[in-house]
Amino acid sequence: MYKMNKKLTGAAVVTLSVFVLSACGSPEGSIQNQWSEAAGVEEDFAEKDEEMTELAQAEQKVFENLTSYESDEQNKIESSVEEAVSSVNERKELMEKEQEEINQAYDETVEAGDPIENLENKEMTEEAKKAQQAMEKRNEAFNGVHDAYMEAADEEIDMYESFNDGNLELEALEEQLDTINSSYEEVENYRETFNTETEVFNEAKNAFGEMTEEES
């Protein structure tokens, strides 16, 4: 029995606090508004990530069934393959939606660039720029997550469909698993960067907010 270890961890989600400003039209207010808009875009991100993980966990059971069937149980094999491929495609669709949300959230933060240049407080400017830089790195990291994830998913589909070949060799299956797990290790590396930059953003955003409250 061989287990397919998919490295599917939940990515951190940017959550922005809403600060009430006395001057809503101020640069500070505009910056925080754009950051809040970014958070709103990702409101359902964690839910999608959890759904993807649940699908992958269910696929693990299907995979274990496939490795236990005898060659004369072709109907069961074909049914399981169809189920697994459908699940992988569903995960791919969710990943596409996640990337759209991450990229849209990043676009929202880009809009904060002009008001940052109009800040008069040097320390606030530094924190705002730190947050913006983290969001750029975060966006790049998730694009890496997306590309590696989609590659791994396509590799999984190829592997599942190979079970329909009654002459599937164990060595060939092991090679496919190694390739898939290698791709998911790449996904994990990008996710770690994504999570780190999310934390950097949140810390800078919170520091900026505290300074804004002190000046109001």
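Modeller: A search of the whole structure, which is a predicted model, turns up eight salt bridges. Let's start with the one between E101 and K48, where the closest N and O atoms are 2.6 Å apart. Look at where the partners sit: E101 is in helix α3 (residues 74-110) and K48 is in helix α2 (residues 45-68), so this pair links distant parts of the chain, 53 residues apart. The relative accessible area of E101 is 12%, and that of K48 is 14%. Buried means under 20%, so E101 counts as buried, and K48 counts as buried too.

R191 belongs to helix α6 (residues 170-215) and D49 to helix α2, so the pair ties together parts that are 142 residues apart in sequence. Both ends are again buried: R191 has a relative accessibility of 2%, and D49 has 5%.

The side chains of E59 and R91 meet at 2.8 Å, N to O. Because E59 lies in helix α2 and R91 in helix α3, the pair ties together parts that are 32 residues apart in sequence. E59 and R91 are both buried. As a general idea to keep in mind, side chains of opposite charge can pair when their charged atoms come close.

So what surrounds these bridges? Let's step back for a moment. The protein has six helices and zero strands, and along the sequence the pattern reads α-α-α-α-α-α. Of its 216 residues, 48% count as buried. Among contacts with a separation of 6 or more, 86% are between residues 24 or more positions apart. The accessible surface comes to about 11400 Å², and carbon and sulfur atoms account for 40% of that.

Aromatic rings pair up here as well, and the structure holds seven aromatic pairs. One of them is W35 with F201, an edge-to-face pair with 5.5 Å from centre to centre and 75 degrees between the planes. W35 is in helix α1 (residues 27-41) and F201 is in helix α6, so distant parts of the chain are linked, 166 residues apart. W35 is buried at 1% relative accessibility, and F201 is buried at 0%. Another of the pairs is F45 with F142, also edge-to-face, at 5.6 Å centre to centre with 70 degrees between the planes. With F45 in helix α2 and F142 in helix α5 (residues 122-162), this pair ties together parts that are 97 residues apart in sequence. Both F45 and F142 are buried. Finally, go back to W35 and F201: ring pairs link these two and F208 into a cluster.

Terms used: Residues numbered from 1 in each chain as written. Predicted model: local features only at pLDDT ≥ 70, side-chain atom pairs only at ≥ 80, totals over all residues. Heavy atoms only, no water. Salt bridge = Lys/Arg side-chain N within 4 Å of Asp/Glu carboxyl O. Helix = DSSP H or I, 4+ residues; strand = E, 2+ residues; numbered from the N terminus. Buried < 20%, exposed > 50% of the residue type's maximum accessible area, 1.4 Å probe, protein only. Contact = heavy atoms within 4.5 Å. Areas by Shrake-Rupley, 256 points an atom, 1.4 Å probe, with all protein chains shown as cover. Phe/Tyr/Trp six-rings, centres within 6.5 Å; stacked < 30°, edge-to-face > 60°.
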